Amino acid sequence: MDCASTMRRLPRNLGRALIWIYRHTLSPLVGYNCRHLPTCSVYGDEAIERFGLWGGGWMTLARLLRCQPWGTSGIDNVPLTKPPGARWYLPWRYGRWRGVNEG
């Protein structure tokens, strides 16, 4: 890997490192009570890896906001492609704010 590629992936790797730290420190203390499969931390890690810190971070925020007593539950995978209309300057369009996977 060249230096430019490494620098470009730095924010993505930092976001994933924060999720790793959460998984190995706070998550065991809070308990494993996620309403979705995969868990929110696995979802966030995969979303950030696939779409970068900006897009994946918004996807993770939307998922966390849906993971509450009146929210959704069930199987909810990270989309394989960028959602339609998602742009860096329209970050809220990355998130699925209601429901789980289609179909």
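## Charges

The chain carries 14 positive and 6 negative side chains, and the centres of the two sets lie 6 Å apart. Lys and Arg count as positive, Asp and Glu as negative; His and the chain ends are not counted. Each charge is placed at NZ of Lys, CZ of Arg, CG of Asp or CD of Glu.

## The model

This is a predicted model: local features need pLDDT of at least 70, side-chain atom pairs count only at pLDDT 80 or more, and totals for chains, interfaces and linings use all residues. Residues are numbered from 1 along each chain as its sequence is written, and side-chain values use heavy atoms, with hydrogens and water left out.

## Fold and extent

The chain has 3 helices and 2 strands, in the order α-α-β-α-β. Helices (H or I, at least four residues) and strands (E, at least two) are DSSP runs, numbered from the N terminus.

The C-alpha trace spans about 45 × 35 × 20 Å along its principal axes. Of the 103 residues, 31% count as buried (under 20% relative accessible area, 1.4 Å probe, protein chains only).

## Core and contacts

The largest nonpolar core has 7 residues: Tyr43, Ala47, Phe51, Met59, Val78, Ala86 and Tyr94. Such a core is a set of buried Ala, Val, Leu, Ile, Met, Phe, Trp, Tyr and Cys residues joined through side-chain atoms within 4.5 Å.

Tyr43 touches Met59 and Val78, among others. Its partners also include Arg63, Asp76 and Arg96, with residues up to four places away in sequence not counted. Contact means heavy atoms within 4.5 Å. Among contacts between residues at least 6 apart in sequence, 71% join residues at least 24 apart.

Note on methods: Buried means under 20% relative accessible area, exposed over 50%, partly exposed in between (1.4 Å probe, protein chains only).
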